[in-house]
Amino acid sequence: MELYQFVISFGGLMLILAQMPSFHSLRYINLACLIFNVAYSACTTAGSIHIEDSRNAPPKDYRATTTGVDRVFGIFNAISIISTTYGNGIVPEIQATLAPPIKGKMFKGLLLCYAAAVLTFFSVAISGYWAFGNKSQGNVLQNFIVNGQPLMPKWFLVMANVLILLHIIPSALTYLQPTNVVLERTFVDPNKGQFSFRNAMPRIIFRKIQGTIPTGAFACIPLDFILPMVFYNVTFKPSKKTIIFWGNTSIAVISTMLSLIGAVASVRKVVLDAKTYPLFSNV
């Protein structure tokens with residue numbers, strides 16, 4: 001299978017699964033996502049440690065390689081990626097507001113969310129950088145093959161790649177769902193069922209449109225770091241003399257700037273990559 005064929009197939013699957021009507025309908029998918037994430041992280045961490053301790057360990061350098069403008073834009077692009085990755089706590093926050101007690105459930109949900117994030121993301125990042133240095137790729141599994149020769153058994157690489165693929169699908173669906181709900185409030189008929197023709201057809205159309213538009217930092221950062229702060233100030237109206245008001249305002253303003261700069265950095269990277277990789281290339 002060529003790369004573009006895989007991208008089309010994966011995108012088509014995402015457009016189909018994006019029709020899941022609500023957060024509640026994603027509960028089992030989210031559980032599977034957690035299981036796949038832990039399994040992938042365990043495989044990748046174990047593989048990185050094994051390669052580092054083996055005689056096939058590649059040479060590595062831990063120094064930063066980029067300079068000047070490339071380093072600056074790389075930093076902002078990295079901030080966008082980190083913000084998106086560790087902003088997953090917005091999901092238990094949204095779910096916690098559905099039924100009381102809000103504070104207790106939200107705190108427990110956030111503890112579980114960030115415990116899983118630290119356990120999985122940190123283990124992969126640290127072990128991958130330790131094993132491959134500044135040559136480590138965005139997907140560290142790409143480092144497990146050197147000059148066409150796998151550093152781990154092929155079955156292991158296939159298993160790890162399948163696990164990360166199965167993890168990405170639920171993650172993308174979860175991030176799309178809040179925006180879908182907000183948009184659909186403008187055209188659904190609350191007197192009709194969610195699977196009725198009246199509500200199903202607009203959902204199919206609008207979700208297909210949104211699923212084909214890349215969001216990235218420009219959508220994820222506002223959802224995670226801007227809107228919650230603004231909503232808190234608007235809803236609870238803390239005094240402008242308090243640190244809560246100015247803390248929320250500062251986070252919202254700084255996050256807005258990072259969102260815009262991160263979007264520019266992402267577009268710049270796409271433009272630079274476009275000069276190297278032609279359309280429908282198989283890389």
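**Entry 1: helices, and Ala-125**

I start with a term: a helix here is a DSSP run of H or I with at least four residues, and helices are numbered from the N terminus. The model I am reading is predicted. With that term in hand, I looked up Ala-125 and found it in helix H5. Is Ala-125 buried or exposed, or something in between? Its relative accessible area is 47%. Buried needs under 20% and exposed needs over 50%, so Ala-125 counts as partly exposed. I then checked Ala-125 against Thr-44. The two are 81 residues apart in sequence. In space, their C-alpha atoms are 9.6 Å apart.

**Entry 2: the nonpolar cores**

Next I looked for the largest nonpolar core. How many residues does it have? I noted 16. The residues with the most contacts inside this core are Tyr-40, Ile-51, Phe-132, Phe-144, Met-152 and Phe-156. I asked which helices supply at least two residues each. They are H2 (27-53), H5 (102-132) and H6 (154-184). H6 gives the most, with five residues.

I also found a second, separate core. It has six residues, among them Phe-23, Leu-26, Ile-169 and Leu-173.

**Entry 3: around Phe-144**

I went back to Phe-144, one of the residues with the most contacts inside the largest core. I left aside its neighbours within four places in sequence. What is Phe-144 in contact with then? My list includes Thr-44, Gly-47, Ser-48 and Ile-51. Phe-132 is there too, and so are Gln-149, Pro-150, Leu-151 and Met-152. Phe-156 and Leu-157 are also in contact with Phe-144.

**Entry 4: cysteines**

How many disulfides does the structure hold? I found zero. Cys-33 has a relative accessible area of 10%, so it is buried. Cys-43 stands at 13%, so it counts as buried as well.

**Entry 5: positive phi**

Asn-147 is one of them, with a phi of about 55 degrees. Where is Asn-147 found? It is in the loop between strand S1 (145-146) and strand S2 (149-150).

At 62% relative accessible area, Lys-237 is exposed.

**Entry 6: salt bridges**

Side chains of opposite charge can pair when their charged atoms come close. How many salt bridges does the structure hold? There are two.

I took Lys-60 and Glu-52 to begin with. Their closest N and O atoms are 2.9 Å apart. Lys-60 has 30% relative accessibility, so it counts as partly exposed. Glu-52 is buried, with a relative accessible area of 17%. I checked that value against the cut-off: buried means under 20%.

Then I turned to Arg-63 and Asp-61. Their side chains meet in a salt bridge at 2.8 Å, N to O. Arg-63 is exposed, at 61% relative accessible area. Asp-61 is partly exposed, at 26%.

How values were computed
Residues numbered from 1 in each chain as written. Predicted model: local features only at pLDDT ≥ 70, side-chain atom pairs only at ≥ 80, totals over all residues. Heavy atoms only, no water. Core = buried A, V, L, I, M, F, W, Y, C linked by side-chain atoms within 4.5 Å. Buried < 20%, exposed > 50% of the residue type's maximum accessible area, 1.4 Å probe, protein only. Contact = heavy atoms within 4.5 Å. Disulfide = S-S within 2.5 Å. Salt bridge = Lys/Arg side-chain N within 4 Å of Asp/Glu carboxyl O.
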